[in-house]
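Student: Before we discuss the terms used for this chain, could you show me the sequence and the model?
Tutor: Here they are.
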Amino acid sequence: MHHTGTDIQKLVDLLGGWPAHFDEVEKAHGESLLRYLKRDGLIDEPVFGQVVRYAVHRAAFDRLSVLIVDEGFTGTEGNFMSGLAQQRAAHENRIAVLERELLGTPYVRAKQGQSTQTSFMGLLNDPAPEDGGQGGKVITPFRPLTRKGTRA
């Protein structure tokens, strides 16, 4: 199923919108990940926060990669990475953690016997309850996959 840009923009608006400092590059990275997560029905507010962080790190990684290519891959004294290469490596590490968290979630949740992460996606197209209440729907809160003592 193909999602148009307006579908994704509607979802982003429902989740609070992109941060003010985002440009088109960050939005493009975030929207590509949102399309995948929307297709699998695995998006809610905390996941959207991770998508935002992923987009920031991915855009910074891409910008630094261009600068590193322009400097000609020259190493510094003692064969240490240049400052730009160190910054890019830090962003690459953050991207890997966020991808593992976001893209590994369906497998881990299925292994734990949970069919879906949340019913948020199912509520997008449901009509409003007639009595104005919640209608008995339960939303499973997002649980990070990180181990104790580590940060995502």
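Tutor: Let us start with E26, which is placed in helix α2, helices being DSSP runs of H or I with at least four residues, numbered from the N terminus. This is a predicted model, in which local features need pLDDT of at least 70 and side-chain atom pairs count only at pLDDT 80 or more, while totals for chains, interfaces and linings use all residues. Residues are numbered from 1 along each chain as its sequence is written, and side-chain values use heavy atoms, with hydrogens and water left out.

Student: What does E26 touch away from its neighbours within four places in sequence?
Tutor: Taking contact as heavy atoms within 4.5 Å, E26 meets A55, V56, A59 and R63.

Student: What makes the approach of the E26 side chain to D23 a polar contact?
Tutor: A polar contact is a pair of N or O atoms within 3.5 Å; within protein, one must be able to donate a hydrogen and the other to accept it, and residues adjacent in sequence count only if both atoms are side-chain atoms. The E26 side chain reaches the backbone nitrogen of D23 at 3.1 Å, and at the start of α2 a side-chain oxygen of D23 comes to within 3.0 Å of the backbone nitrogen of V25.

Student: How do you know that the span of α2 agrees with its number of residues?
Tutor: The expected span of a helix is 1.5 Å times one less than its number of residues. For the 16 residues of α2 (residues 24-39) this gives 22 Å, and the end C-alpha atoms are 22 Å apart, so the two agree.

Student: What makes a set of residues a nonpolar core, and which members of the largest one touch the most others?
Tutor: Such a core is a set of buried Ala, Val, Leu, Ile, Met, Phe, Trp, Tyr and Cys residues joined through side-chain atoms within 4.5 Å. The largest has 21 residues, of which W18, L34, L37, I43, F48 and V51 touch the most other members. At least two residues each come from α1 (5-14), α2, α3 (45-71) and α4 (83-103), and the largest share, seven residues, is from α3.

Terms used. Buried < 20%, exposed > 50% of the residue type's maximum accessible area, 1.4 Å probe, protein only.
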